[in-house]
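Trainee: I'm new to this one, could you walk me through it?
Mentor: Gladly, let us look at it together.

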Amino acid sequence: MVGAGVRRGRAWAGARAGVVAGTGMMLACLGLAGVTGALTPALGSLSRNLGTALATETPLAPEAEGPPTRITLGPGGRDVRLWGDLNDGAAERLRRLLDANPGVTRLHLTSDGGLVDEGAAIGELVAERGLSTYVPDYCVSACTLAFVRGRERIILADSRLGFHAPYEPGAFGAMIPVDASEERGRYLAAGLEPAFVDQALATPSRDIWIPDADRLRAAGAVTRVVDPGALPDSTLDDDDSLGGARAAALRAVDLLAAFAAHRPGVLDGIAARYREGYRQGRSESDGLDLLRAGAADAMRAAFAGADDATVAALGRLVLDALGLGGGEAACRAIGQDGDLLTASEALPDGRGAARMRVLLDRALAGPAGPAAVARPPAHALDCAGLRGHLAGLLARGDTLHLREALLGRAARRLEASALPGEP
């Protein structure tokens, strides 16, 4: 197997060679020669990322048996999602699902490897059925044997394909090198560049080579690189429960952690709407937009019930964000649409997010705000005019109109009730 697998028995990711405390330490300790680019996906880590998967899972003995591969039919019956180690029976399960659903055209792959025979058998199914393959986050080792058989081989710019030499498991966790001619033949038959295959199979079993998207395309391993709005979201393929959606929301928007701590019902409402979008087949970028909009609405509602001192501090944060010259689009989002999430992200080095978290904690510790908060009314002020308007309100201590300018008219007229999404 290439990468995280063996010819027989339980696959063991080559990158799981030891217990490490985090992604950075993992890379240093394991000496991942040839790794290019960051391991974190785009879109605020909405998808599970390879660094987290390999750094936080407990290393297993090569002969240990992992959980069954998760194979599910996606919304609309056109996509199949495969997640997890490629263990015994995965290819046969996939065959049965494809037989029952002849409209499937694409296989999503998220796996850190497994059994070579299973990876090769899945690849045969892919080629036999004329399926396209898609990696939304990572596909390592034996998984790549399946991926390269796709009619189209699609990744995101931040997706990771990982390669290394095959091995047999030995005593005490040893990885015994084996002849790689079968794997070499499969890669070459799929049309991969010989020099690329040589480098992939020359990478030691305990290391991993992750080429960048340009190298993958040049070698013929990948045929298309798409943006996150092109295909259905795969973020919840491994866990589409409310808990899985909640975890994805927290990865995507860090500030939602304040609601997890103080008003978990709000977070659950946002996560439930995101999960419904996933189940409807929305794209990852659509899902992120939904999460951000939900977070922005919840933040405005939280601050609508805050005391005057907290609203004044929020006004100073927004004024600082407007002063950074992020362009008219950012200015409009912050000053006219009341997008406090964008305001928190405008300040460099995470300072805005840190300040916003403190203010959110203060706001959420008090009474719940209005059930609905209108966005501030549109007006003709440019960025300079908006800054001047907010600065004047702050200088005069006019919290009533500052609250309206930041949070909308509803913030001064609605009675206290519940936050959006809260029962």
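Mentor: One term before we start: a disulfide is a pair of cysteine sulfur atoms within 2.5 Å. Please also keep in mind that this is a predicted model.

Trainee: Okay, how many disulfides does the count come to?
Mentor: The count comes to one disulfide, and it is formed by Cys139 and Cys143, whose sulfur atoms lie 2.1 Å apart.

Trainee: And what is the handedness of the link of Cys139 and Cys143?
Mentor: That link is left-handed, with -115 degrees about the S-S bond.

Trainee: Is Cys139 buried or exposed?
Mentor: Cys139 counts as buried because its relative accessibility is 0%, and Cys143 counts as buried at 0% as well.

Trainee: Switching topic, how many aromatic pairs are there?
Mentor: A search of the whole structure finds four aromatic pairs. One of them joins Phe163 and Trp209, with ring centres 6.1 Å apart and planes at 50 degrees, so this pair is tilted.

Trainee: Where do Phe163 and Trp209 lie?
Mentor: Phe163 lies in the loop between β7 (160-162) and β8 (167-169), while Trp209 lies in the loop between α8 (194-202) and α9 (213-218), so the pair ties together parts that are 46 residues apart in sequence. Both Phe163 and Trp209 are buried.

Trainee: What about Phe196 and Trp209?
Mentor: Their ring centres are 4.8 Å apart and their planes stand at 45 degrees, so that pair is tilted. Phe196 lies in helix α8 and Trp209 in the loop between α8 and α9, so the pair ties together parts 13 residues apart in sequence. Phe196 is buried, like Trp209.

Trainee: Which residues do ring pairs link into a cluster?
Mentor: The cluster consists of Phe163, Tyr187, Phe196 and Trp209, linked through ring pairs.

Note on methods. Residues are numbered from 1 along each chain as its sequence is written. This is a predicted model: local features need pLDDT of at least 70, side-chain atom pairs count only at pLDDT 80 or more; totals for chains, interfaces and linings use all residues. Side-chain values use heavy atoms; hydrogens and water are left out. Buried means under 20% relative accessible area, exposed over 50%, partly exposed in between (1.4 Å probe, protein chains only). Rings of Phe, Tyr and Trp (its six-membered ring) pair if their centres lie within 6.5 Å; planes under 30 degrees apart count as stacked, over 60 as edge-to-face and the rest as tilted. Helices (H or I, at least four residues) and strands (E, at least two) are DSSP runs, numbered from the N terminus.
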